[in-house]
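The following report describes selected features of the structure shown below.

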Amino acid sequence: MNRKLKHKLLLVLVTLILIISTVCQQTISFGKTSKNIVITKNNVELSAYENNGRLMDFILKKGNKKLSFPTWKNVSNPTYSPQLLSEDINNDGLKEVIVILTTGYGSGVLFQEVHVFNENKEGLFDEVKVEDALEIVKDNVKTNLTNSTASIIIGDKDINIDISKFPFDPQRKFENVAFGSITQYKVLNHSLVAEVSATVAPDGGYIGDISILYKLKRGTYQAGKIKFTPTIIK
């Protein structure tokens with residue numbers, strides 16, 4: 001093979017390498033779409049990118065200060081957009097920043113998580129731990145289920161529900177009351193509240209909600225009050 005042919009082959013090889021490199025770079029860059037959401041509340045900004053039906057790469061920003069949360073996720077359905085709230089939920093006279101994310105939803109299913117922040121002297125945010133609602137239910141609520149009655153026991157309160165009135169298939173009744181197919185967070189009357197559904201069967205077996213009123217105790221938002229509200233069947 002003469003020198004000129006070798007030189008031409010070398011040029012072709014280099015060109016192919018450059019083309020392949022460029023294509024690979026473009027594929028990687030297209031992995032994240034340019035579509036993003038921005039939510040503002042009282043000079044605080046929450047932003048995220050949409051990718052494959054999920055919102056991710058969240059950033060919480062105020063002024064030129066920002067914090068990144070690469071593990072946060074939210075569904076991209078606008079009906080369940082992230083919530084950015086600014087409320088004094090611990091009676092300290094200062095407004096906390098509350099972020100509520102919806103991580104999953106479906107027929108009779110809704111999963112949310114919550115993050116609460118205090119603003120520090122540097123203008124950044126310190127996240128305050130919030131006890132998981134399902135763990136609170138697990139530790140504080142006892143149940144019993146028979147063919148006719150569901151019992152919800154919270155402390156010294158025993159609530160009995162006649163489940164024969166509910167439109168579920170008795171053959172599909174659970175062995176015990178199940179919690180958490182719907183778990184959602186909200187701020188009501190300047191307090192953080194979680195609502196956790198109680199069911200006795202997959203379809204037609206929703207019997208009510210456990211409501212958890214959070215209080216700040218020893219640097220953590222913990223259960224201050226727990227109550228059960230039964231579904232009214234006429």
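## Surroundings of Ser 151

Leaving aside residues up to four places away in sequence, Ser 151 touches Lys 142, Thr 143, Asn 144, Asp 158, Ile 159 and Asn 160. The model is a predicted one. Ser 151 is found in strand β11. One of the contacts is polar: the side chain of Ser 151 meets the side chain of Asn 160 at 2.6 Å.

Ser 151 has a relative accessibility of 10%. Because the limit for a buried residue is under 20%, Ser 151 counts as buried.

## The three-stranded sheet

Strands β10, β11 and β12 form an open sheet in the order β10-β11-β12, with antiparallel pairing. The edge positions belong to β10 (141-145) and β12 (157-162); each has a single partner strand, so one side of each is left without a neighbour in the sheet. On average, neighbouring strands of this sheet are turned by 15 degrees against each other, direction ignored.

Strand β11, which spans residues 149-154, pairs with β12 over six bridges in the antiparallel sense. Within this part of the structure, Ile 152 stands opposite Ile 159 in β12. Helix α2, comprising residues 133-140, lies across β10 and β11 and runs at about 70 degrees to β10.

## Nonpolar cores

The largest nonpolar core has 36 residues, of which Ile 207, Ile 210, Ile 212 and Tyr 214 touch the most other members. The contacts of Ile 207, not counting residues up to four places away in sequence, include Ala 150, Ile 161, Ile 163, Phe 166, Val 177 and Phe 228. Also among them are Thr 199, Thr 229, Pro 230 and Thr 231.

A second, separate core has 14 residues, including Val 44, Leu 46, Trp 72 and Val 97.

## Aromatic rings

Which residues form the aromatic cluster? Phe 58, Phe 69, Trp 72, Phe 117 and Phe 125 form one such cluster.

Phe 117 is buried, at 1% relative accessibility. Phe 125 likewise counts as buried, at 6% relative accessibility.

Notes:
Residues are numbered from 1 along each chain as its sequence is written. This is a predicted model: local features need pLDDT of at least 70, side-chain atom pairs count only at pLDDT 80 or more; totals for chains, interfaces and linings use all residues. Side-chain values use heavy atoms; hydrogens and water are left out. Buried means under 20% relative accessible area, exposed over 50%, partly exposed in between (1.4 Å probe, protein chains only). Rings of Phe, Tyr and Trp (its six-membered ring) pair if their centres lie within 6.5 Å; planes under 30 degrees apart count as stacked, over 60 as edge-to-face and the rest as tilted. Two strands pair if DSSP finds at least two bridges between them. Helices (H or I, at least four residues) and strands (E, at least two) are DSSP runs, numbered from the N terminus. Axes are lines fitted to C-alpha atoms, for helices over the stretch in contact, and angles run from 0 to 180 degrees between N-to-C directions. Contact means heavy atoms within 4.5 Å. A nonpolar core is a set of buried Ala, Val, Leu, Ile, Met, Phe, Trp, Tyr and Cys residues joined through side-chain atoms within 4.5 Å. A polar contact is a pair of N or O atoms within 3.5 Å; within protein, one must be able to donate a hydrogen and the other to accept it, and residues adjacent in sequence count only if both atoms are side-chain atoms.
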